[in-house]
Amino acid sequence: MTETTLAEALEAEHHEIDQGIYAFLNGDADGLERLHAVFAELRRHIYLEEVYLFPPLREAGMMAPVFVMLREHGEMWQVLDEIDAALAVNPAPSSSAAELCRDLLTRLDAHNSKEEPILYPELRGILSDSAAEQYLAFLEDGERPDGWVCERASAGAAAAPPWG
Ligand SMILES: [Fe+2]
Ligand SMILES: [Fe+2]
């Protein structure tokens with residue numbers, strides 16, 4: 001029997017999120033629905049990483065890569081909010097939401113291509129089997145607590161001038 005590792009499940013979720021964004025950009029019939037679904041998935045994914053995975057990685061000496069990941073989460077979180085706002089005005093993929101989605105895809109690619117080879121391989125040696133199992137189950141049907149936002153969510157907003 002092959003068991004899916006937590007790293008594999010996290011990587012699979014990265015791909016699933018990309019595909020949902022492409023479904024929207026391609027104008028698929030269920031594209032908007034899938035986009036909303038993968039946005040919830042991405043925010044939940046970031047929650048799992050920041051609350052449960054990054055602290056032990058940081059303790060294991062991965063401070064610098066975790067710092068970069070947190071910053072990128074903050075930037076992506078802001079883009080997610082901007083896309084939600086654009087969709088509220090116009091839910092069509094030809095709107096400004098599409099441009100923001102392409103920006104998000106670029107950011108996700110840059111983020112995941114560091115997270116997957118640098119951070120995820122370390123999880124195996126750091127997490128207990130029971131913790132890894134618990135997080136695998138969370139990826140199946142866990143929920144981000146209402147109102148939780150990532151650590152650096154407001155970093156971009158705070159840096160913007162009040163008149164911007
Ligand atoms: Fe991730
Ligand atoms: Fe991440």
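A cavity is a set of grid points where a 1.4 Å probe fits but cannot get out. In this predicted model, the count comes to one cavity of 30 Å³ or more. The volume of the largest cavity is about 60 Å³. Its lining is made up of 13 residues. Closest to the centre are His-14, Leu-42, His-45, Leu-108 and Asn-112. By class, five of the lining residues are nonpolar, five are polar and three are charged.

The largest pocket has a volume of about 400 Å³. It is lined by 16 residues. Thr-5, Leu-6, Arg-124, Asp-129 and Ala-132 are the closest to its centre. At least two lining residues come from each of helix 1 (6-25), helix 4 (96-126) and helix 5 (129-141). The lining divides into eight nonpolar, three polar and five charged residues.

An unreviewed UniProt entry carries the annotation "domain: Hemerythrin-like" for residues 6-123. In the model, this span is 88% helix and 0% strand. The C-alpha atoms at its two ends, residues 6 and 123, lie 8 Å apart. Leu-6, at one end of the annotated span, is among the residues closest to the centre of the largest pocket.

Key:
Residues are numbered from 1 along each chain as its sequence is written. Chains are lettered from A and ligands numbered from 1 in the order in which they are written. This is a predicted model: local features need pLDDT of at least 70, side-chain atom pairs count only at pLDDT 80 or more; totals for chains, interfaces and linings use all residues. Side-chain values use heavy atoms; hydrogens and water are left out. On a 1 Å grid over the protein atoms alone, a cavity is a set of points where a 1.4 Å probe fits but cannot get out, and a pocket is an open set with protein on both sides within 12 Å along at least five of seven lines; lining residues have an atom within 4 Å of a point. Grid points are joined across faces, edges and corners, and a volume is the space filled by probe spheres set on the points. Helices (H or I, at least four residues) and strands (E, at least two) are DSSP runs, numbered from the N terminus. Ala, Val, Leu, Ile, Met, Phe, Trp, Tyr, Cys and Pro count as nonpolar, Asp, Glu, Lys and Arg as charged, and the others, Gly among them, as polar. UniProt positions are given in the numbering used here, feature names are shortened, and annotations may be inferred rather than shown by experiment.
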